[in-house]
Amino acid sequence: MTWALVVRSLFRHPVRTALVVAGIAVAAALLLDMVMLSGGMERSFSRMLLSRGFQIRLSPKGTLPFDTEAMIPAITPILDDLRADPDVERVGPVLATSLHVRVGDSLLTLVGYGVDPAGQGLYELEAGADLVPGDSTGLLVSEPAAAAAGWQIGDTIRLQGRLDPQSARAEAERVVTVRGVVRFLYDARGQRSVGADFRVMQRLGRFPDADPASMVMVKVRADDRVDSVAARIARTHRTVEVNSVAALVVQFRSRLVYFQQLSLILATISLVVGVLLVGTILTITVSERIGEFAVLRGIGVRRARVVRLVMAEGAVLTAAGAIGGVILGLATARYLDAILTSFPGLPAAISFFVPERTAIAKAAVAVFVAGVAASGYPAWLAARAPIAETLRADAE
Amino acid sequence: MTVVLGQDLTKVYSLNGRQVAALRGVSLTIAAGEYLAITGPSGSGKSTLLQLLGGLDSPTGGRLELMGRRVEGLSDDELTDLRLRQVGFIFQRFHLMSVLTARENVELPLAEAGVGRRERSERAAELLAYVGLADRADHRATQLSGGEMQRVAIARALANRPALILADEPTGELDAATGAQILELFDRLHQDGVTLVVVTHDEHLAARVPRRVHLLDGRIDRDELATAR
């Protein structure tokens with residue numbers, strides 16, 4: 001009976017109800033987008049860093065991984081030391097450098113990654129075969145690189161390193177064979193990258209005699225030992241920057257703090273707009289139907305029931321708006337994410353809007369609770385209407 | 001058995017800062033099964049008295065008992081419960097819930113009283129048949145004529161088998177023929193033992209009621225029993 005009265009009352013003015021639901025849906029969509037935005041980058045960053053399970057990163061002193069072109073020199077003793085640590089499961093050195101290949105008459109520039117096949121945390125194989133330890137002639141290519149150069153698995157390629165820009169002559173060359181197509185986890189959208197054995201890439205890159213690495217990824221056997229292992233490495237190797245992923249996320253978060261504050265302010269504004277919308281429309285509705293509520297009270301309907309009736313109308317409105325808002329919010333988030341992640345240099349794995357169940361549930365619940373709370377005042381008005389006076393006024 | 005016992009009832013309203021006495025010491029006793037018309041000119045206090053009798057408003061002074069229970073001092077919930085179970089209201093403008101069907105309107109006070117779905121459906125069907133609207137049960141209030149709406153209002157008033165039915169100008173919005181049908185229904189209610197108090201301007205209605213209380217300036221001017229109909 002209550003729900004019949006509630007739903008049919010809302011359909012008394014279908015256009016008005018539809019407009020209010022649409023308004024709540026827009027507010028809910030904005031709220032959801034802001035909730036996803038406020039934590040989305042941080043979550044996708046953390047997910048990207050942990051995607052292969054390496055919890056610690058070593059980078060050149062004073063930098064973050066891939067932050068600059070700086071190198072860690074003399075990496076071999078550091079790697080030997082790390083591999084000897086009983087808490088360390090795997091060690092993955094990475095060297096990033098510029099490479100070139102001739103495609104017809106043109107020179108194609110590539111990002112080259114040197115990796116250790118026994119401990120790589122840089123890519124995921126999509127087709128073909130992975131490198132195996134000791135494979136000094138194998139090459140892994142990203143989809144954009146393969147597409148740009150027209151490579152197939154099994155093709156033989158002459159990689160050129162340390163190119164002189166004046167003479168266009170390379171100081172180092174290496175003939176390799178394409179073994180597989182991979183997705184490099186830190187690549188920007190469309191980035192042309194290739195991967196080869198770490199030592200091969202050292203010989204093709206700058207400063208071949210310096211035994212350099214851009215970064216070292218470390219996988220610790222037990223998650224609860226990560227901080228102590230990171231601290232131990234930092235104490236032992238003072239020439240490198242040691243960060244756990246958790247610490248990197250904290251640093252990343254500190255860079256995003258204004259961004260997050262802005263998101264939260266906008267989320268709060270959208271919530272307030274939703275509250276005002278529900279509160280205003282229900283106050284108008286109650287004022288129009290005050291005689292009806294007085295009659296209900298007159299025939300013996302308790303105040304609490306009248307309060308429930310009005311609040312149920314608020315609940316139905318906000319539930320419908322919240323459902324619409326989730327759909328609209330996810331659609332707009334996908335659209336906005338496509339725009340924002342197309343910024344040059346941004347890793348393709350980074351998302352600004354991460355649609356997680358908890359974020360969606362939080363936004364929907366926040367809108368619902370706020371909407372129901374907003375119907376409190378009109379419900380109070382309906383329940384407190386003086387019966388005799390209202391009926392007298394209605395009869396005149 | 002006494003249904004209503006009112007002694008020296010007064011009601012004073014504050015109107016634009018001015019005190020207006022709507023009732024000035026009305027004493028009235030209504031026994032079970034009585035059929036009573038309250039008449040009088042506009043502003044004589046008829047509707048105010050009806051609202052006091054139905055627990056819609058509280059007297060400023062005096063003593064009022066409904067079914068032997070003092071009304072003054074009852075909490076809002078107690079008064080609401082009294083209206084739900086002991087009093088049935090019939091309004092001049094019917095005041096049905098326009099979004100509900102005739103059956104749902106009759107079921108409304110039953111649902112509020114906690115009557116189960118099946119029982120209230122049966123009771124509503126029985127009452128709608130009683131007022132001659134069995135075939136209109138599933139029509140929305142807005143799809144009914146004025147006379148039909150008033151019949152539904154009567155069925156709703158009877159839903160919880162109240163001790164007292166109060167009707168405020170029940171034929172005021174109806175044409176003569178339809179009003180006559182409502183009056184016949186009231187006669188039938190009276191014959192069935194329902195205690196019925198009707199506020200009316202309608203001399204035709206008042207003339208067929210066994211007891212007539214005439215109010216003038218907030219006081220009972222005449223309280224007379226008809227000798228014959």
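In the predicted model, eleven residue pairs, both members at pLDDT 80 or more, are in polar contact between chain A and chain B. On chain A, the side that touches chain B draws at least two residues from each of helix 1 (2-10), helix 9 (290-298), helix 10 (303-340) and helix 13 (387-395), and helix 13 of chain A gives the largest share, six residues. By residue class, this side of chain A divides into ten nonpolar, three polar and ten charged residues.

Six salt bridges are found by the rule across the interface of chain A and chain B, and one pairing of side chains in a salt bridge is that of R8(A) with E104(B), at 2.5 Å from N to O. In terms of contact, 23 residues of chain A meet 27 residues of chain B. The area buried between the two chains is about 2,500 Å², with 57% of it given by carbon and sulfur atoms; of the area that chain A buries against chain B, 29% is supplied by M1(A), R8(A) and I299(A), more than by any other three residues.

Within chain B, four strands form an open antiparallel sheet in the order 2-1-4-5. Strand 2 (18-31) and strand 5 (69-70) of chain B stand at the edges and have a single partner strand each, so that one side of each is left without a neighbour in the sheet. Strand 1 (residues 2-15) and strand 4 (residues 61-66) of chain B pair in the antiparallel sense over five bridges, and L64(B), in strand 4 of chain B, is the bridge partner of G6(B). Helix 1 (residues 46-53) of chain B lies across strand 1, strand 2 and strand 4 of chain B, and runs at about 60° to strand 2 of chain B.

Definitions and conventions: Residues are numbered from 1 along each chain as its sequence is written. Chains are lettered from A and ligands numbered from 1 in the order in which they are written. This is a predicted model: local features need pLDDT of at least 70, side-chain atom pairs count only at pLDDT 80 or more; totals for chains, interfaces and linings use all residues. Side-chain values use heavy atoms; hydrogens and water are left out. Contact means heavy atoms within 4.5 Å. Buried area is the accessible area (1.4 Å probe) that two parts lose on being put together, summed over both. A salt bridge is a side-chain nitrogen of Lys or Arg within 4 Å of a carboxyl oxygen of Asp or Glu. A polar contact is a pair of N or O atoms within 3.5 Å; within protein, one must be able to donate a hydrogen and the other to accept it, and residues adjacent in sequence count only if both atoms are side-chain atoms. Ala, Val, Leu, Ile, Met, Phe, Trp, Tyr, Cys and Pro count as nonpolar, Asp, Glu, Lys and Arg as charged, and the others, Gly among them, as polar. Two strands pair if DSSP finds at least two bridges between them. Axes are lines fitted to C-alpha atoms, for helices over the stretch in contact, and angles run from 0 to 180 degrees between N-to-C directions.
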